[in-house]
Amino acid sequence: MNIIVITLIFISSGIAYEQFSRVSTLQKYKPKGSLVDIGLRMLHLDCRGSGPPIVILESGLDTLGSSSWCVVQDRLAKLTRTCAHDRAGIMWSHPRPYKSNLMEAIANDLNKAIVLTDEKPSYILVSHSFGGPYITKFTELYGDKVAGIVFVDSPHPEQMDLVREIEMPLISSITNKASQVLSHFMNIMGLTRLINMQDKRRFQNQPDYNSDMIKAFAPLSGDTLSH
């Protein structure tokens with residue numbers, strides 16, 4: 001019985017610590033751009049500079065969100081209007097409350113945000129890593145608004161299909177599910193946050209403030225990546 005009580009206290013304390021830390025994180029780190037109401041939830045869009053065309057920066061499959069491009073955006077904004085955003089559930093953007101086609105949902109979210117903030121086309125889309133398929137889908141849906149696209153270390157459009165054909169589906173599914181469960185458990189228990197606090201490494205090409213901010217948001221943003 002004592003073991004059960006101790007376990008329950010440990011779990012409750014971890015959850016309480018994480019929830020308190022998430023509130024503190026939102027109070028300490030304010031969004032650099034605007035929180036745009038795209039329909040029952042908010043999407044963070046950070047636009048700076050002036051002049052056409054508008055450059056839209058898309059991050060890769062990570063928890064950095066709009067901060068991924070902070071150094072590049074600062075420089076581009078001196079030349080033309082430049083926007084970066086946090087996908088649903090990343091950093092300040094609210095999570096998507098329903099399941100949907102991921103690529104299409106991401107493209108629709110971004111389009112709603114830039115339309116509602118009156119950011120007029122045409123757009124030049126720039127992506128890093130797995131952001132490539134995201135801007136490809138945006139171009140498929142809203143090609144009349146896109147003047148050009150730039151891929152930075154992005155996968156080939158057929159790469160993911162080839163990987164799925166080579167993998168053993170059952171083993172891959174089991175391994176992926178176990179990884180998701182473990183990641184979610186660590187996030188809600190505050191373990192991810194505690195590990196990040198002990199990790200003195202900084203994110204490459206990120207100011208110290210941004211590195212601390214990204215680590216603080218990691219448990220919340222990580223839940224999005226693990227689902």
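Author: Asn111 lies in helix 3, where helices (H or I, at least four residues) and strands (E, at least two) are DSSP runs numbered from the N terminus. The model is predicted, so that local features need pLDDT of at least 70 and side-chain atom pairs count only at pLDDT 80 or more, while totals for chains, interfaces and linings use all residues. Residues are numbered from 1 along each chain as its sequence is written, and side-chain values use heavy atoms, with hydrogens and water left out.

Reader: Why is Asn111 called buried?

Author: Asn111 has a relative accessible area of 9%. Buried means under 20%, exposed over 50%, and partly exposed in between (1.4 Å probe, protein chains only). Asn111 is therefore buried.

Reader: What makes the pairing of the side chains of Asn111 and Lys145 a polar contact?

Author: The side chains of Asn111 and Lys145 are joined at 2.7 Å. A polar contact is a pair of N or O atoms within 3.5 Å; within protein, one must be able to donate a hydrogen and the other to accept it, and residues adjacent in sequence count only if both atoms are side-chain atoms. Leaving aside neighbours within four places in sequence, Asn111 is in contact (heavy atoms within 4.5 Å) with Phe138, Tyr142 and Lys145.

Reader: Why is helix 3 called roughly perpendicular to helix 4?

Author: The axes of helix 3 (residues 102–116) and helix 4 (residues 131–142) come within 9 Å and cross at roughly 70 degrees. That angle makes the two helices roughly perpendicular, because the term covers 65 to 115 degrees, with under 35 roughly parallel, over 145 roughly antiparallel and the rest oblique. Axes are lines fitted to C-alpha atoms, for helices over the stretch in contact, and angles run from 0 to 180 degrees between N-to-C directions. Among the residues making the contact are Leu110, Asn111 and Ile114 of helix 3 and Phe138, Leu141 and Tyr142 of helix 4.

Reader: Which polar contact joins the side chain of Arg96 to another?

Author: Arg96, in the loop between strand 4 (82–85) and helix 3, has its side chain joined to that of Asp109 by a polar contact of 2.8 Å.

Reader: How do you know whether Ser67 is buried or exposed?

Author: Ser67, in the loop between strand 3 (54–58) and helix 2 (70–76), has a relative accessible area of 4%, and is therefore buried. Not counting residues up to four places away in sequence, Ser67 touches Met91, Gln206, Asn210, Met213 and Ile214.
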